[in-house]
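Me: I would like to learn how to read charged pairs and helix packing from a set of coordinates. Could you take me through the general idea and then the case at hand?

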Amino acid sequence: MTKQTKSQQRNVATKLIESHLVSGKLKPGEEIGLRIDQTLTQDATGTLVMLELEAMGLDQVKTELSAQYVDHNLLQTDHRNPDDHVFLRSACERFGIWFSPAGSGVSHPVHMERFGKPGKTLLGSDSHTCAAGSLGMLAMGAGGLSVAMAMCGEPFYLNMPRVMGVKLTGRLPDWVSAKDVILEMLRRHGVKGGAGKIIEYYGPGLKGLSAMDRHVIANMGQEMGHTATVFPADDLVRDFLRQQQRETDFQRLEADAGATYDLHDEIDLGQLEPLIALPSSPDKVFPVREVAGEPIYQAYIGSSANPGLRDFAIPAMMVKGRQVHERVSFDINPTSRQVLENLVELGHLTNLLSAGARLHQTGCNGCIGMGQAPATDQISLRTVPRNFAGRSGTSEDRVCLCSPETAAASALTGVITDPRDLEMSYPVFDERSTFYVEDRNIRPPAKHPELSVVEKGPNISTLPSFDSLPDALEAPVLLKVGDDVSTDDILPAGSRILPFRSNIPAISEFTYTRLDPSFPERAKQHQASGSVIVGGDNYGQGSSREHAALAPRYLGVRVVIAKSYSRIHWQNLCSFGVLPLKFVAPETFDNIEQGDELAFEGLLEALEAGDSIIARNNRTGEHHELTHDLSDRQVRMIKEGGLLNMMRQALAA
């Protein structure tokens, strides 16, 4: 064997990208196209994906595997959600897609259990698809239309990220777990710290982190605004796949000796302590000991951010023979049917229930505002990935993010509690000793898809069509917002709104109502002529839901001007023909006021030439110089009115 040169010593992320590259070069910032092996959709976003596949005339998906999960909109208080579940099942039969029905569990851990394979690419219409990086996959969230294109066999396009290597050393102490690792990363780097980066973990500390521990870390990498999180596929990944009776899917994938990274960080796991993210941002992180003693209303365990069997078993062992505090709602959300059945088999579910736990169905539930809302202005400790204000379903919420250990300890005492202060030994749980594999409820693609008929309920409407970008535009600034505006701010989640996910005119009525209840009505006055939104840094952070781009576009938003964008939302704006511009001089943000009218001329020529775009403020007479990061492909897309229009034209040709 010849000795590798330094330039050949590649990290895991580079190996994954190189093996799937179909266009572009591995130069940071340059657009690349990647072949996608697998896709993941869930019911809050998958309904639009299926409508998009239908609109493009797809026969059968072209990926190696595509899977549709029903895990978000599980509340069946009227016909809308169950009608959509029927629609999704029938669409999966028609297009050759695996179908995971309601009750089977949250998409990310179930996909990891049943379908995840080292060395593969996974694109999902859910921002936490990145969790599958725990298995040595390149897994990324994207808007539904990008996922639909991948299901049609088209590449996924993104700007080549830099790779940040995070070396892990040491071993986690008692009462400290994987959630504290990612909270430490958020404490250090913030919600914008991962922008334009793949985060790759390596080093001797990996030996103490199971594949499901890695899932916890990879899942919440999204809260840093990253492109993906990557772990190597090593012996612990083999152990996980063997446990799932899928060892034949294992292939070793590790960084070469001496591999280099664009950026570096290092964490000594042995020096970590229990951490907590205070309201209302995942990066507002402090040691639990510094805020201990505050009374709590709720302790919530589950979600895609803490989905492993150990994340429930450890709390069950902590509360065994004890009672949670009388003031606390102790909410248990099993993340998959497999986890739930193992909790039953091992006796842990009985321990949780006997201690006073409330058991909820397997699914996303309260994480996405589907029930389990906390009381007004009461502290809710949750093992979920996000604590954006109002996401819980309660407007005046005080959601904190923490580990299962901290949540269970606080449930027992009734106040925020550092679990190290409990008078008990740290429970030892070895999930490798016994494990029951459950996969009988996930349905494979239909054997005769040509016989399938897509069933649509009355709440499913046709996708709206949009016109191309005009060369000249005079439009009012309907809304001006600050930094870190999330997709939950733009188009909220929750049980009242998400049932309209397949009805764009109906769901658009909720656009920006968290920040300005008058926005939809004001936008309709300019629906035909167009309007503008102005934002600060990290515009559109959070969920991948394309409704946050599609609903504003339906209401007439043609241009967004921001200091910087979250990757997925920026792509979604492009996909639906909304022009995302940036300030050349960010300080000029202060010179535009809500209600100003901006005039654009020569838009098409400037976009084609790659020139700056000038917006004249008709109130002040000032000319604002704007720019963009669009590729030639994205410029064509926006000029044509969006990706769906461009795809229709290509198919017609």
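Me: How far apart are the closest N and O atoms in the salt bridge that arginine 246 forms with aspartate 249?

Reply: The general idea is that side chains of opposite charge can pair when their charged atoms come close. In this predicted model, arginine 246 and aspartate 249 form a salt bridge whose closest N and O atoms are 2.7 Å apart. Arginine 246 is buried, since its relative accessible area is 8% and the cut-off for that class is under 20%.

Me: Which parts of the chain does the pair of arginine 619 and glutamate 593 tie together?

Reply: Arginine 619 forms a salt bridge with glutamate 593, with 3.8 Å between the closest N and O atoms. Arginine 619 sits in the loop between strand E25 (613-617) and strand E26 (623-627), while glutamate 593 sits in the loop between strand E23 (579-583) and strand E24 (597-600), so the pair ties together parts that are 26 residues apart in sequence. Arginine 619 is partly exposed, at 46% relative accessibility, and glutamate 593 is partly exposed as well, with a relative accessible area of 43%.

Me: Where do glutamate 93 and arginine 89 lie, and how are they separated?

Reply: Both belong to helix H3 (residues 80-95), and because they are 4 residues apart there, about one helical turn separates them. Glutamate 93 and arginine 89 form a salt bridge, the closest N and O atoms being 3.4 Å apart. Glutamate 93 is partly exposed at a relative accessible area of 30%, and arginine 89 is partly exposed at 24%.

Me: Which residues are linked in a network of salt bridges, and how many salt bridges does the count come to?

Reply: Glu273, Arg289, Glu290, Asp418 and Arg420 are linked in such a network, and the count comes to 45 salt bridges.

Me: Turning to helix packing, at roughly what angle do the axes of helix H6 and helix H7 cross?

Reply: In general, two packed helices are described by the angle between their axes and the distance between the axes. Here the axes of helix H6 (residues 178-189) and helix H7 (residues 211-219) come within 8 Å and cross at roughly 25 degrees. H6 is therefore roughly parallel to H7, as angles under 35 degrees fall in that class. The crossing of H6 past H7 is right-handed.

Me: Which residues in H6 and H7 meet?

Reply: From H6, Ala178, Lys179, Val181 and Ile182 meet Asp213, Val216 and Ile217 of H7. Sorted by class, this contact of H6 with H7 has 5 nonpolar and 2 charged residues, with no polar ones.

Conventions:
Residues are numbered from 1 along each chain as its sequence is written. This is a predicted model: local features need pLDDT of at least 70, side-chain atom pairs count only at pLDDT 80 or more; totals for chains, interfaces and linings use all residues. Side-chain values use heavy atoms; hydrogens and water are left out. A salt bridge is a side-chain nitrogen of Lys or Arg within 4 Å of a carboxyl oxygen of Asp or Glu. Helices (H or I, at least four residues) and strands (E, at least two) are DSSP runs, numbered from the N terminus. Buried means under 20% relative accessible area, exposed over 50%, partly exposed in between (1.4 Å probe, protein chains only). Axes are lines fitted to C-alpha atoms, for helices over the stretch in contact, and angles run from 0 to 180 degrees between N-to-C directions. Angles under 35 degrees count as roughly parallel, over 145 as roughly antiparallel, 65 to 115 as roughly perpendicular and the rest as oblique. A crossing is left-handed if the near helix is turned anticlockwise from the far one by less than a right angle, and right-handed if clockwise. Contact means heavy atoms within 4.5 Å. Ala, Val, Leu, Ile, Met, Phe, Trp, Tyr, Cys and Pro count as nonpolar, Asp, Glu, Lys and Arg as charged, and the others, Gly among them, as polar.
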